[in-house]
Amino acid sequence: MRNVFIGALMAAAVGLCSCGGCASKPESVSTVKVDGGAGYPENSPVADHGRLQVIGKQLCDEAGNPVQLAGMSTMGWQWCGDCYTRESIENLVKEWNISILRLAMYVEEEGYNTDPEGFTKKMCEFIDICGDLGIYCLVDWHVLCPGNPLDPKYAGADEFFHHIANKYANKSHVLYEICNEPNNCQEKGDTTKPWVCTKEANVTWDMIAEYANRIIPVIQSEYDAVAAPHPIIIVGTPQWDQLVDACLKEGMCQGNGKDICEEYPVRDARLKQDNIMYTFHFYANEHNSGFEKDGKPDFYNMYSYMYDVFAKLPIFCTEFGPTDADGNGVVAYDKTDTWLLMFEGRNAGTQLVSYCCWSYSDNYRTSSVLKPGACERQAWNDLTPAGEYIKKVLAVVNGGAKDTTVLKISNIYKK
């Protein structure tokens with residue numbers, strides 16, 4: 001999440017420059033135990049699905065069945081450290097029904113660069129806990145500001161990913177997110193206005209791809225060394241993970257002033273490695289049906305745009321919130337429903353889309369699922385309105401619960 005108010009797509013629009021098989025979910029999905037699930041708790045997500053793979057545009061399990069993971073994302077450990085313990089993660093598995101936990105490790109913002117050894121050790125502790133509980137985890141190199149993953153401040157990525165991949169190449173539960181939210185913000189110099197970038201430089205897909213083509217081999221080579229299948233690697237996209245198909249469109253870039261749904265010249269600049277997915281983030285109260293601009297009532301209609309993108313690329317929504325893009329504001333239940341229902345295969349590619357909710361924390365923002373002070377009290381179910389909603393969603397999606405108060409059919413997007 002970008003911890004600044006950017007006006008989301010409104011700001012972007014006015015020039016702030018945020019093959020085959022497995023295409024749809026069959027009526028019954030096999031849960032045959034596979035070798036990649038060996039050593040994980042019986043009937044856990046990893047025991048059931050094993051090593052994940054991308055087939056065509058769909059995330060699939062080791063047996064080739066479509067899979068949809070649904071879970072939570074941490075916030076920054078440096079701010080909410082009390083929230084992330086073995087007990088709290090175990091509660092997320094048993095009480096919240098998560099199948100994946102995104103481990104958001106900020107690099108700047110008082111994060112990794114202040115103590116690389118300490119943050120790497122903490123990441124490994126969390127990865128081990130997730131493995132013990134049989135859930136997947138997403139190792140998130142949390143790029144925020146500066147927003148260019150090629151910036152020298154992120155030079156530690158090679159060493160970090162080499163260490164993690166070397167340590168966990170024999171494990172099936174580890175996924176990688178190599179650059180959270182590429183964006184144009186390079187510096188923030190005014191602490192009274194943290195949403196204002198004091199230095200901007202556009203970050204294009206080609207720059208992100210340059211970084212990805214450096215880091216992906218670092219990870220994959222460690223798996224090659226032990227003859228393990230390559231892991232899922234999720235790559236950020238321009239404008240805070242909102243210009244998701246920029247690799248397929250010439251001129252699709254942050255701050256170009258164009259409608260996201262305009263026609264662009266076609267290109268193919270997709271990454272060539274296997275098991276690659278592309279990132280999408282949304283905050284439902286801002287990223288939805290668009291707004292009026294130049295006489296068009298639905299300028300920057302993200303529903304319409306992403307509905308089509310799901311037919312083009314394998315997508316993982318590694319972060320979403322039911323609020324404004326800064327994590328605050330009203331909880332937009334119906335608009336969040338629309339996205340999560342679209343993720344159930346109700347899109348042009350009939351793609352099942354996995355997702356993690358921001359954030360499992362007791363931060364003061366309305367997107368946090370725990371009330372302030374809950375983590376210090378170890379009150380893991382002391383929920384905010386957002387938390388009550390998300391817990392119900394996960395119970396339906398992962399736990400098979402019947403609950404008509406969430407994921408309402410009336411909120412399905414129809415194009």
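**Checking the labels on a predicted fold**

Mentor: The cover over the buried residues of helix 11 includes strand 3 (70–74), strand 13, helix 10 (333–342) and strand 14. This is a predicted model, in which local features need pLDDT of at least 70, side-chain atom pairs count only at pLDDT 80 or more, and totals for chains, interfaces and linings use all residues. Residues are numbered from 1 along each chain as its sequence is written, and side-chain values use heavy atoms, with hydrogens and water left out.

Trainee: Which residues of helix 11 are the buried ones?

Mentor: Ala386, Gly387, Tyr389, Ile390, Val393 and Leu394. "Buried" means under 20% relative accessible area, "exposed" over 50%, and "partly exposed" in between (1.4 Å probe, protein chains only). Helices (H or I, at least four residues) and strands (E, at least two) are DSSP runs, numbered from the N terminus.

Trainee: What makes you say that they line one face of helix 11?

Mentor: Look down the axis of helix 11: the buried residues fall within an arc of 160 degrees, so one face it is. The arc is taken from the directions from the helix axis to the C-beta atoms. As background, an α-helix has 3.6 residues a turn, so residues three or four places apart point the same way.

Trainee: Why is the Cys83 and Cys375 pair called a disulfide?

Mentor: The rule wants cysteine sulfur atoms within 2.5 Å. Those of Cys83 and Cys375 are 2.0 Å apart, so the pair passes. The torsion about its S-S bond is about 100 degrees, so this disulfide is right-handed. It links distant parts of the chain, 292 residues apart: Cys83 is in the loop between helix 3 (77–80) and helix 4 (86–94), and Cys375 in the loop between strand 14 (354–360) and helix 11 (385–397).

Trainee: How many disulfides does the rule give?

Mentor: The count is 2. Cys185 and Cys197 make another, S to S 2.1 Å. Here the torsion is about -125 degrees, so the disulfide is left-handed. Cys185 sits in strand 7 (residues 185–187) and Cys197 in the loop between strand 7 and strand 8 (199–200), so the parts tied together are 12 residues apart in sequence. Cys185 and Cys197 are both buried.

Trainee: What makes Thr318 buried or exposed?

Mentor: Thr318 has 0% relative accessibility, so it is buried. Thr318 lies in strand 13 (residues 315–321).

Trainee: Why is the pairing of the Thr318 and Glu177 side chains called a polar contact?

Mentor: A polar contact needs N or O atoms within 3.5 Å; within protein, one must be able to donate a hydrogen and the other to accept it, and residues adjacent in sequence count only if both atoms are side-chain atoms. Thr318 and Glu177 come in at 2.8 Å. For plain contact, meaning heavy atoms within 4.5 Å, the partners of Thr318 beyond four places in sequence include Arg102, Leu138 and Cys356.

Trainee: How do you know that strand 10 is largely enclosed?

Mentor: In strand 10 (residues 276–283), 8 of the 8 residues are buried, so the rest of the structure largely encloses it.

Trainee: Why do strand 10 and strand 13 count as paired?

Mentor: Pairing takes at least two bridges found by DSSP. Strand 10 and strand 13 have 5 and run parallel, with Tyr278 bridged to Ile315. Strand 9 (residues 233–235) also pairs with strand 10 in the parallel sense, over 3 bridges.

Trainee: And what makes strand 4 an enclosed one?

Mentor: Strand 4 (residues 100–106) has 7 of 7 residues buried, so it is largely enclosed too. Ile100, Arg102, Ala104 and Tyr106 point one way, Leu101, Leu103 and Met105 the other. Strand 4 and strand 5 (residues 136–142) pair in the parallel sense over 7 bridges, with Leu103 opposite Val139.
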